[in-house]
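Here is a short report on one protein chain. Keep the sequence and the 3D view side by side as you read.

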Amino acid sequence: MFAPSLRCIDSESPSDTASCFSGVEGDRCATVALADLAALLAVPLTVPPSIGCITFPVRRIKPGETLHRAGDKFGSIHVVRSGCFKSVSVDTGGTEAVLGFPMGGDVVGLDGFDSGRYAADVVALDMSTVAVVPFERLAQLAR
């Protein structure tokens with residue numbers, strides 16, 4: 001079984017891993033199970049008991065708050081659980097191009113996989129929640 005190597009992420013006050021995975025209840029340490037995440041993505045997945053307890057932290061995002069900005073270092077993908085976002089690219093002249101409106105069941109952040117940096121700003125349009133899936137953890141699960 002994998003040791004919990006994820007940080008508990010909250011938009012107001014980040015917490016350490018120990019408090020998030022030690023059974024502390026509350027929104028800032030909310031998690032989603034691997035099987036539930038697969039169901040949200042409509043991916044047929046039979047979860048063996050050995051990995052059934054794997055969870056990912058859920059981050060709450062307020063309206064107008066940025067999930068990540070273009071140029072930020074890539075580290076995680078985000079699965080939108082609720083709410084709606086605006087994905088935006090800004091060119092060198094300052095012109096903003098809206099790339100999309102990710103919402104429940106969409107994956108955000110894959111644009112940073114190849115270059116190691118996110119290519120767009122992703123901004124919440126309303127109160128939203130995302131499951132944070134660190135890419136290294138995803139790679140471990142794939143093996």
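Which residues form a nonpolar patch on the surface? Val-98, Phe-101, Met-103 and Leu-125 form it, with about 360 Å² of accessible area together.

## Ground rules

This is a predicted model: local features need pLDDT of at least 70, side-chain atom pairs count only at pLDDT 80 or more, and totals for chains, interfaces and linings use all residues. Residues are numbered from 1 along each chain as its sequence is written, and side-chain values use heavy atoms, leaving out hydrogens and water.

## The surface patch

A patch is made of residues with over 30% relative accessible area and no salt bridge; like charges are joined within 9 Å, and nonpolar side chains (Val, Leu, Ile, Met, Phe, Trp, Tyr) within 5 Å. A salt bridge is a side-chain nitrogen of Lys or Arg within 4 Å of a carboxyl oxygen of Asp or Glu. Accessible areas come from the Shrake-Rupley method with a 1.4 Å probe, and for residues only the protein chains shown count as cover.

Met-103 sits in the loop between strand 6 (96–100) and strand 7 (107–108). Its relative accessible area is 42%, so Met-103 is partly exposed. The classes are buried (under 20% relative accessible area), exposed (over 50%) and partly exposed in between, with a 1.4 Å probe and protein chains only.

## The chain as a whole

The chain has three helices and nine strands. Helices (H or I, at least four residues) and strands (E, at least two) are DSSP runs, numbered from the N terminus. Along the sequence the pattern reads α-β-α-β-β-β-β-β-β-β-β-α. Of the 143 residues, 36% count as buried.

Two strands pair if DSSP finds at least two bridges between them.

How many bridges join strand 5 to strand 8? Four join strand 5 (residues 85–90) to strand 8 (residues 121–124), and the two run antiparallel. Lys-86 stands opposite Val-123 in strand 8. Val-88 faces Asp-121 in strand 8. Val-88 also stands opposite Val-98 in strand 6, and Val-98 belongs to the surface patch. Strand 5 and strand 6 are antiparallel too, joined by four bridges. Their hairpin has five residues between the strands, and there Gly-94 takes a positive phi near 90°.

Strand 1 (residues 31–33) pairs with strand 2 over three bridges. There, Ala-33 has Thr-55 as its bridge partner. Strand 2 (residues 55–61) has six of its seven residues buried, so the rest of the structure largely encloses this strand. Four bridges join strand 2 to strand 9 (residues 128–134), with Val-58 opposite Ala-131.

Is Thr-129 buried or exposed? Thr-129 lies in strand 9 and is buried, because its relative accessible area is 16%. A polar contact of 2.8 Å joins its side chain to that of Ser-82. A polar contact is a pair of N or O atoms within 3.5 Å; within protein, one must be able to donate a hydrogen and the other to accept it, and residues adjacent in sequence count only if both atoms are side-chain atoms.

Ser-115 is in the loop between strand 7 and strand 8. Its relative accessibility is 54%, so Ser-115 counts as exposed. A polar atom of the Ser-115 side chain lies 3.0 Å from the backbone oxygen of Arg-117. Ser-115 and Phe-74 are 41 residues apart along the chain, yet their C-alpha atoms are separated by 8.3 Å.
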